[in-house]
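Please open the structure in your viewer and keep the selection panel at hand. The tour goes from one selection to the next and says what can be found at each stop.

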Amino acid sequence: MKDRIAMLNTEHFWMPFTANRQFKEKPRMLVSGEGMYYTSDDGRKILDGTAGLWCSNAGHSHPKIVAAIQQQAVQLDYAPVFQMGHPKAFEAATALAAIAPEGLNRVFFCNDGSESVDTALKLALAYHRMRGDGLRTRLIGRERGYHGVGFGGIAVGGIAGNRKHFGPTLPGVDHLRHPLDIAKNAFSRGLPEHGAALADELEHRMLALHDPTTVAAVIVEPLQGSTGVILPPKGYLQKLRAICDKYGILLIFDEVITGFGRLGTPFAADFFGVVPDMILCAKGLTNAAVPMGAVIVRQDIYDTFMQAAPEGMIEFFHGYTYTAHPLACAAMLATMEVYREEQLFERAAAMSPYFEDAAHSLKGLPFVKDIRNLGLVCGIELESIPGKPTARAFDVFQKCFWDKGVLIRTTGDIIALSPPLIIDKAQIDALFGAIGDILKQQKTVPEAALA
Ligand SMILES: Cc1ncc(COP(=O)(O)O)c(C=O)c1O
């Protein structure tokens, strides 16, 4: 271990969302990846229980995606898409529109989830203005929502830690309550029974307070991933849709983690049978092999921009140097083919009941407070150590990595699992078996030993 650290200078990389000082004392390094496994720098195979960061849905270094990127780099490394174009940008948009819910067929590309959020919020505000309804400037998000780290995203997001250091962010933003209710819904399999009425708050609290005619958009993750797998209660998203329709408010689904088969369907919108006005995606869009994000928009929103802007003028003053980057487009097109050819969305749907049973087999183990699951997503909430929030789950994370060769993700004291969609039954057993073994040891770990 000492030799490895001595050889690598870890001083200069300021790591994101990481306890830098702690990490650099004992780095957890991944040096290669293939299918369901990473390899660590000490040569161990690490079973990936998190698809990287909810993103490598087809598994790591898929040969078809790798080949597409290599070929594209040789043929055309970069081309601008401001007043210029390259064919793969249009092919990629067409391919994405083809799997999006009906009616959502115009695509704005960006480079990650955070940019997709800020793009969508700007689109929503500009859309209303273009329609001559410029009073609609308010945005409504949700507590414990994660919408990336741009100023728009942290404003509509609902995570105190991501907001508190950065001032007032955007004005005119309000938040719905999140629907997690462990007292009523603990250990529910799939969608929770209780809590759909929380969606009525949109009408009875938010719109009553702000006046519906001032609200531009409501943005939610259909399933809240980053803050610990918070599932929408049965009927909740349908209610949000109905209220937004009633008052002419745009409904935006942030599907950065739920897109591309996580719930066994192309999008969570398909799973829930609720079609929003915009879908945001990233991550699984390119299997994470090259960064890319996208906003998929209802056609009439696009048409509104086309009709409102003067002939020959730019319709939307927004875009990135790397919008529809050729390497990202090539990766994206290959990824869509892999999803289709290997029927990965169907595979995820078929594997979900086994995954659910394996997840709930941990019920009753020490400190397990709740288990929540849907598709190939699972949250295992642990009792926190008084005065040491996050310590217990982080201890499980460390032990899974070092002792079991299993990568899990934790947020607070919640373990969040989202394996690649290629996971098989033996790997599901190995994943939950490892977590179970470590949880059993928790009883004997002196609390003082947990950082
Ligand atoms: C729902 C959601 N939105 C947005 C983001 C931000 O994506 P990125 O990290 O690619 O900017 C994430 C990242 O996890 C996410 O889960």
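Begin by selecting helix H4, residues 63-75, together with helix H14, residues 326-341; in this predicted model, their axes come within 8 Å and cross at roughly 155°. An angle over 145 degrees counts as roughly antiparallel, and H4 and H14 are therefore roughly antiparallel to each other. If you look along the crossing of H4 and H14, its hand is right-handed.

With both helices still selected, show the side chains where they meet: on H4 these belong to Lys64, Ile65, Ala68, Ile69, Gln72 and Ala73, while H14 contributes a list that includes Pro326, Leu327, Ala330, Ala331 and Ala334, and also Glu337 and Glu341. Colouring the residues of this contact by class gives 10 nonpolar, 2 polar and 3 charged.

Next, select helix H15, residues 344-360, and helix H17, residues 425-442, which pack at an angle of about 20° with their axes 10 Å apart. Because angles under 35 degrees count as roughly parallel, H15 and H17 are roughly parallel to each other, and H15 passes H17 in a right-handed crossing. Here Met351, Tyr354, Phe355, Ala358 and Ala359 of H15 meet Lys425, Ile428, Asp429 and Phe432 of H17, a contact with 7 nonpolar residues, no polar ones and 2 charged ones.

From H6, the residues in contact are Leu123, Ala126, Tyr127 and Met130, and from H13 they are Asp300, Ile301, Thr304, Phe305 and Ala308. By class, the contact of H6 with H13 divides into 7 nonpolar residues, 1 polar and 1 charged.

Finally, select the ligand and the residues around it, among them Asp112, Gly113, Ser114, His147, Glu221, Asp254 and Val256. At Ser226, an N or O atom in the side chain is 3.5 Å from an oxygen atom of the ligand, and at Lys283, an N or O atom in the side chain is 2.9 Å from an oxygen atom of the ligand.

Technical notes:
Residues numbered from 1 in each chain as written. Predicted model: local features only at pLDDT ≥ 70, side-chain atom pairs only at ≥ 80, totals over all residues. Heavy atoms only, no water. Contact = heavy atoms within 4.5 Å. Helix = DSSP H or I, 4+ residues; strand = E, 2+ residues; numbered from the N terminus. Nonpolar A, V, L, I, M, F, W, Y, C, P; charged D, E, K, R; others polar. Near = heavy atom within 4 Å. Polar contact = N/O pair within 3.5 Å; in protein donor to acceptor, adjacent residues only side chain to side chain. Axes fitted to C-alpha atoms, helices over the stretch in contact; angles between N-to-C directions. Parallel < 35°, antiparallel > 145°, perpendicular 65-115°, else oblique. Left-handed = near helix turned anticlockwise from the far one by under 90°.
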